[in-house]
Amino acid sequence: MAPGITAEKKTEDEQSSKNNLIHLSNPHLEKMKDDILYHFALGTSTHDFPALFGDVKFVCVGGSPSRMKGFIAYIAEELGLGSVGADYPNICEGTDRYAMYKVGPVLSVSHGMGIPSIAIMLHELMKLLYHSKCSNITIIRIGTSGGIGLEPGSVVITSQSVDATFKPQFEQVILGKTIIRSTNLDDQLAKELMQCSKEINQFNTVIGNTMCTLDFYEGQARLDGAICLYTEEEKLQYLKAAYDAGVRNIEMESSVFAAICNLSGVRAAVVCVTLLNRLEGDQISSSHDVLVDYQQRPLKLVGHFIKKCLGKE
């Protein structure tokens, strides 16, 4: 291993059952009288976390506030907990950074775009669940992605998140040292979600690796950004190498999502629909109606999974 590179081994807490309380890998929090979740506009001295969130069992996170509000309305109807036209208030209305909605045991949270944005949200989400004394938590990221070798509209359930060199790891510099963390996701949960897709039987679903990149253009080998200093042939060679490494889609959040969920002892999954096949192009040209239909597919799959877990199927 190169100088300055350290690999964090899984702790005993990581290896323990995913059915326990949230584990926070931070002893300093015990010394804090009050914990302010700044980007949620929530705090332990101003809000009763156990009363507000103690019954949460499922957390679904996605990029945009509107998509996550749409998800909570959808799941409320699916679980018989909502009424037609019902409004769901934004729990984080004191900030415009993230949006959060809740119905029954389901929490829906937006995370913005890219690793930094979702990482900030996840730090505060894990603390929220911990302070709320939640247990048996399942966290699922739902979103969109670019597919590799799949028909547009296919859904990918991530087996492991890989970086741009196809390694299953998340790399971060902390105190000047490069730290490597595991990006494996819960294998059993992926299989349960795959079974749900078979039961729905409405769209193609696969389990595969997801490549998590640091940007949308050069990092994903696009030819249509403001800067591109490689050839189309080089692009296709790279994407075909990714496919050969088991990569079936590309997005920008899964690596840190998997790493933080692993360290927090939470079983987690990533379920993303593919909007295009990157071996055939770079720009998303499908009609608005088609894209809306595609974006509903992860919601339908995860909604079916939650209903099944709650015995409402």
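Q: What makes up the largest nonpolar core in this predicted model?
A: The largest nonpolar core has 41 residues, and those with the most contacts inside it include Phe40, Val59, Leu125 and Phe257. Helix H4 (115-131) is one of the elements that each supply at least two residues. H4 gives the largest share, nine residues.

Q: What makes Val59 count as in contact with Leu125 and Leu129?
A: Contact requires heavy atoms within 4.5 Å. Leaving aside neighbours within four places in sequence, Val59 is in contact with Leu125 and Leu129, among others.

Q: Why is the pair Lys127 and Asp35 called a salt bridge?
A: The closest N and O atoms of Lys127 and Asp35 are 2.9 Å apart. The cut-off is 4 Å, so the pair qualifies. Lys127 lies in helix H4 and Asp35 in the loop between helix H1 (12-15) and strand E2 (36-37), so the bridge ties together parts 92 residues apart in sequence.

Q: Why is Lys127 called buried?
A: Its relative accessible area is 16%. Buried means under 20%, so Lys127 counts as buried.

Q: How do you know whether Asp87 is buried or exposed?
A: Asp87 has 58% relative accessibility. Exposed means over 50%, so Asp87 is exposed. Its salt-bridge partner is Lys69, at 3.1 Å from N to O. Lys69 has a relative accessible area of 33%, so Lys69 is partly exposed.

Q: What makes the side chains of Lys235 and Asp282 a polar contact?
A: The contact between these side chains is at 2.7 Å, and the cut-off for N or O atoms is 3.5 Å. The two residues also form a salt bridge. Lys235, in helix H6 (232-244), is buried at 5% relative accessibility.

Key: Residues are numbered from 1 along each chain as its sequence is written. This is a predicted model: local features need pLDDT of at least 70, side-chain atom pairs count only at pLDDT 80 or more; totals for chains, interfaces and linings use all residues. Side-chain values use heavy atoms; hydrogens and water are left out. Helices (H or I, at least four residues) and strands (E, at least two) are DSSP runs, numbered from the N terminus. Buried means under 20% relative accessible area, exposed over 50%, partly exposed in between (1.4 Å probe, protein chains only). A polar contact is a pair of N or O atoms within 3.5 Å; within protein, one must be able to donate a hydrogen and the other to accept it, and residues adjacent in sequence count only if both atoms are side-chain atoms. A nonpolar core is a set of buried Ala, Val, Leu, Ile, Met, Phe, Trp, Tyr and Cys residues joined through side-chain atoms within 4.5 Å. A salt bridge is a side-chain nitrogen of Lys or Arg within 4 Å of a carboxyl oxygen of Asp or Glu.
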